[in-house]
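Welcome! Open your viewer, get your selection tool ready, and follow along one stop at a time.

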Amino acid sequence: MDDLAARFEAERGRLRGLAYRMLGSAAEADDAVQEAWLRLNRVDSVGNLAAWLTTVVSRVCLDVLRSRKARREEPFEAVPEPVSDADPAGEAALADSVGRALLVVLDALGPAERIAFVLHDLFAVPFDRIAPVLDRTPVAAKKLASRARQRVRGTTPLPPADLARHRRVVDAFLAAARGGDLESLLDVLAPDVVRRADAAALPAGVALETRGARAVAEETQVFGKRARFAEAALLDGAVGVVVAPHGRLVLALAVTVEGERVAAYEVIADPARLAALHVRLLHSNR
């Protein structure tokens, strides 16, 4: 038993990373890994332990995802949770390591698509091993992963040079916002920048529109703590920002870039508007 426990512990980190990408919740990922341990203790012997554990964790995660769908608890159907400082450090670090934009995009996939994509594209599991998890043929599993891949990887009408420039400007804006650096914010904001926002994105009494680089920069210094939950992504084919504590989308910023500066951005918080957004990855290397 001690040897089995040691071998299981050697796999725990990989299994937790796998389950977190499938579920987007550290607590649920830990539960899935623990369930695999309990099931392991009920079997007489296992040939390929790593493969067996991968299959079991994946099946547990698939059941959880299907249960969510049956209860109609998809993230976009709920009123977004407020952004607060209560994000546990461990889960925040895990979300950062996986990529918040990736977690947002994965949440839009169906259960079988999500499992197939995570197993194949992120963990290089072959389709002949994915098929039994999903009760599908290898060909059907491959089609699920392909369909998910098309939904995850974004396309944009922007030429490559413009896409790179827009990404550079948005990343500079996020870096300045995270640091609360007024001068850096003023450098990246156009002099006549306009910030608009849904009422749900702002505290009571804050204007829905702010104009001018200094006013927007000073406001961003106050509300910029949200930027630590933010990551660049494609929103309806344009470079924007998702704000996703715990990997769940609560805000999106539609950004207008002119030259090397942010000319305008709109903070989207209304649940219906968030649900209508097509969020895609700018890259898929995680």
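**Before you click.** This is a predicted model, in which local features need pLDDT of at least 70, side-chain atom pairs count only at pLDDT 80 or more, and totals for chains, interfaces and linings use all residues. Residues are numbered from 1 along each chain as its sequence is written, and side-chain values use heavy atoms, with hydrogens and water left out.

**Stop 1: the two domains.** Colour residues 1-153 as domain 1 and 160-281 as domain 2; these bounds come from an automatic or database domain assignment. The centres of domain 1 and domain 2, taken over C-alpha atoms, are 30 Å apart.

**Stop 2: two annotated regions.** Select residues 8-69, which an unreviewed UniProt entry annotates as "domain: RNA polymerase sigma-70 region". This stretch is 84% helix and 0% strand, with 30 Å between its end C-alpha atoms. (Helices, H or I of at least four residues, and strands, E of at least two, are DSSP runs, numbered from the N terminus.) Next, select residues 101-151, listed by UniProt as "domain: RNA polymerase sigma factor 70 region 4 type" (unreviewed entry). Here the chain is 80% helix and 0% strand, and the end C-alpha atoms are 13 Å apart. UniProt annotations like these may be inferred rather than shown by experiment.

**Stop 3: Thr54.** Find helix α3, residues 49-70, and pick Thr54 within it. Is Thr54 buried or exposed? Thr54 counts as buried because its relative accessibility is 4% (buried is under 20% relative accessible area, exposed over 50%, partly exposed in between, with a 1.4 Å probe and protein chains only). Beyond its neighbours within four places in sequence, Thr54 has contacts that include Leu18, Leu119 and Arg129 (contact means heavy atoms within 4.5 Å). Now show the side chains of Thr54 and Arg14: they make a polar contact at 2.8 Å.

**Stop 4: the cores.** In the largest nonpolar core, of 59 residues, Ile115 and Leu134 touch the most other members. (A nonpolar core is a set of buried Ala, Val, Leu, Ile, Met, Phe, Trp, Tyr and Cys residues joined through side-chain atoms within 4.5 Å.) Helix α3 gives the most to this core, with eight residues, and the core draws at least three residues from each of domain 1 and domain 2. Apart from it lies another core, of 33 residues; select Leu174, Ala213, Leu253 and Val267, which are among them.

Key:
A polar contact is a pair of N or O atoms within 3.5 Å; within protein, one must be able to donate a hydrogen and the other to accept it, and residues adjacent in sequence count only if both atoms are side-chain atoms.
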